[in-house]
Amino acid sequence: MRGRGINYDTGFTIGGHNSRQVFDPVQAGREMRVIARELHCNAVRVSGDNPARLSVAARLAAAEGLEVWFAPFPCDLPPAGNLEMLAECAGLAEQVREGGAQVVFVAGGELSLFGSGFVPGQVFTDRIPSLGRADMGAVCARLSGHLADVAAEVRRRFSGKVTYAAGPWEEIDWAPFDIVSFDGYRDAGNRGYFPGSIRRLSRHGKPVAITEFGCCPYRGAADRGGLGWAIIDYEAVPPRLDGDYVRDEGEQVRYLSELLDVFSGAGVDSAFWFSFAGFGLPRHDDPRRDLDLASYGVVSVLDDNGTDWRPRESFHALAAAYGKAE
């Protein structure tokens, strides 16, 4: 694969919970150096819902020579608000590109779920069950129309390549975009046909990117794929896991290795592990408060502010895989 990437969260708010309370540019700069020099990435997908943070992180990534996938992640906004935010961020991404960096603009992701106005539900958690009952043909038609408007507005402000991070349930019109991007989580339900679904993405005649793939570090997490995070009871004070889970960092390593083989065999251009860190999910000695098990990171966060972390087994596995490709 050309693009050896990882996701980097600058913080987003969903359900009243911010994924990263503290964003320190000095810390972010150190982490970009780790991503480039220790993990051997040549690309990073910088995501979040704060345009200023995105701009800072993108510039820090560019300073390390990384290809920047500038990826605003608006949550619970209606289409008009979503368009406004993406347009603002496109202008910021263009400033980074004009500074000499390689920049791809990711015009949102999984908007039928994370944005309002496509399926019933005022907030993200309300829309999850709605997806299963919705007429997805009609939903994707509305989404494609919105994304065509988004792409046109983004291109008025940004001169680089443009894509969108589609959920696996979203069949959209890729004509307005330069790259077909897909959040590619394998789980127990799609294991049998997952490689074929990745190969079929090339039918659009454009480069293919996997904008997210990964799993959590507990036994059985690989079978949950993109829903492995859903083991936290946020109604408890403080939040805690909803059951007993066994830490298994080797589960992440196996998942990583197997999916990289799938993507390589399918001719994928770029892939981004999800993610560098779950900054708001610290490790804890109490098994029921060990929120780190719900994190997809290659590092375990050790404090509530997300400023101290240590590598997991998947960190070294990713570094070895990307270093060999390098």
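Helices (H or I, at least four residues) and strands (E, at least two) are, throughout this talk, DSSP runs numbered from the N terminus. What you see is a predicted model, in which local features need pLDDT of at least 70 and side-chain atom pairs count only at pLDDT 80 or more, while totals for chains, interfaces and linings use all residues. Residues are numbered from 1 along each chain as its sequence is written, and side-chain values use heavy atoms, with hydrogens and water left out.

Let me start with the backbone. Most residues other than glycine have a negative phi, and most peptide bonds are trans. Pro238, in the loop between β10 and β11, is joined to Val237 by a cis peptide bond with omega of about -5°. A cis bond also runs from Phe274 to Ser275, with omega near 0°, and Ser275 sits in the loop between β12 (270–273) and β13 (299–301).

Turning to phi, His40, in the loop between α1 and β4 (43–48), has a positive value near 60°, and Asp76, in the loop between β5 (67–72) and α3 (79–98), has a positive value near 65°.

As for accessibility, buried means under 20% relative accessible area, exposed over 50%, and partly exposed in between (1.4 Å probe, protein chains only). His40 is partly exposed at 23%, as is Asp76 at 21%, whereas Asp248 counts as buried at 17%.

Asp248 lies in the loop between β11 (240–241) and α9 (249–265). Leaving aside neighbours within four places in sequence, Asp248 is in contact (heavy atoms within 4.5 Å) with Pro217, Tyr218, Arg219 and Arg254.
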